[in-house]
Amino acid sequence: MRLRILDRGHGFGTKALFALIRTVSRQPVLDVIKLVKYRADFYGGPMSALTHEAMRGPSPWSVGDRELMAAFVAKTNQCEFCTKAHAAVAQGAYGDGKRASDLLSDLDTAAIEEPLRATLLLLGKLTREHAVHADDIRGVLAAGASRQQIEDALAVCFSFNVISRLADAFGFSVPGPEAFEAGAKYLLARGYR
Amino acid sequence: MSDIKQARASLVRRILEGVGNASPYERRAAFNNTVLDVTLGTLVDKVATHADRVIDEDIAAARESGFSEDQVFEIVVCAAVGQATRQYDTALAALEAGTRKE
């Protein structure tokens, strides 16, 4: 982590929580947790509430689909930490590791529903080019996605265009797969709050 | 997701208008990617446009130019939320235009 305060600047209670996490999970505390717990009133609190609503609130998209969108946005931003973290959550949510990995390795040929493919392409364009246009939206609607699905996907995209930027800017460490699997289990059981 | 707009507004209001170590002016400039200071502006622009290219030296340079770690933390958060907000607002406008009845 590039800022020492994000590694070691937490209060006593939070440090005790980190010790508990390390003991129970037998894994290091992920840097994303250190970030959201640092001065949580400034960023972590309001951002966690927003992300929980986007990822676990009512939506026509499944939890797995939304986690896949998060991983896809992160991959488009070339954020290794968030890509691996949310690919692991999508894999857990789907109960099918192949679906998440196929889609992230080649969206064009992956065997997925057209509304999801078209929505992911829209999120990829928005993330890469910072803009989309009415014709892009019409294309996604023509592929079978509803207006509500597009709106919900844009909320996921917002969250992970924030989080993946912070992961890269603050220099999150990328741990091994066991740590991401432990994190995925937590996020599937408890969500983002 | 009826609460998303409210949650997003709460986040933006907190980081821009709430108590912080960086001034409201500095946080707003980071959010808008309009920071005038060259060193800090370089970091903010990287966060907004190519966060994967931020390097240790970018953060170190901001610290050496007089910003505390807490100020850098706040400014980087504002830069990230600002860029994501511009993308999101652009996409919502496209959604409105793309679903408008002629």
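Contact, in this tour, means heavy atoms within 4.5 Å. The model is predicted, so local features need pLDDT of at least 70 and side-chain atom pairs count only at pLDDT 80 or more, while totals for chains, interfaces and linings use all residues. Residues are numbered from 1 along each chain as its sequence is written, chains are lettered from A and ligands numbered from 1 in the order in which they are written, and side-chain values use heavy atoms, with hydrogens and water left out.

Start by selecting A:Ala70, which is found in helix H5 (residues 63-76) of chain A; helices (H or I, at least four residues) and strands (E, at least two) are DSSP runs, numbered from the N terminus. Not counting residues up to four places away in sequence, A:Ala70 touches A:Met55, A:His86, A:Val156 and A:Phe160. A:Ala70 counts as buried because its relative accessibility is 0%, where buried means under 20% relative accessible area, exposed over 50%, and partly exposed in between (1.4 Å probe, protein chains only).

Next, select A:Arg99 in helix H7 (residues 97-105) of chain A. Its relative accessibility is 18%, and A:Arg99 therefore counts as buried. Show the side chains of A:Arg99 and A:Glu113, which are joined by a polar contact of 3.0 Å; such a contact is a pair of N or O atoms within 3.5 Å, and within protein one must be able to donate a hydrogen and the other to accept it, while residues adjacent in sequence count only if both atoms are side-chain atoms. Leaving aside neighbours within four places in sequence, the residues in contact with A:Arg99 include A:Asp65, A:Tyr94 and A:Leu116.

Now move to B:Phe73, which, with A:Tyr43 and A:Phe170, touches the most other members of the largest nonpolar core, a set of 98 residues. A nonpolar core is a set of buried Ala, Val, Leu, Ile, Met, Phe, Trp, Tyr and Cys residues joined through side-chain atoms within 4.5 Å. Helix H5 (residues 69-99) of chain B gives the most to this core, with 15 residues. Beyond four places in sequence, B:Phe73 touches residues of chain A, among them A:Leu3, A:Tyr38, A:Arg39 and A:Phe42.

Finally, select the whole of chain B, which has 5 helices and 0 strands. Its C-alpha atoms fill a box of roughly 55 × 30 × 20 Å, taken along the principal axes, and buried residues make up 50% of its 102 residues.
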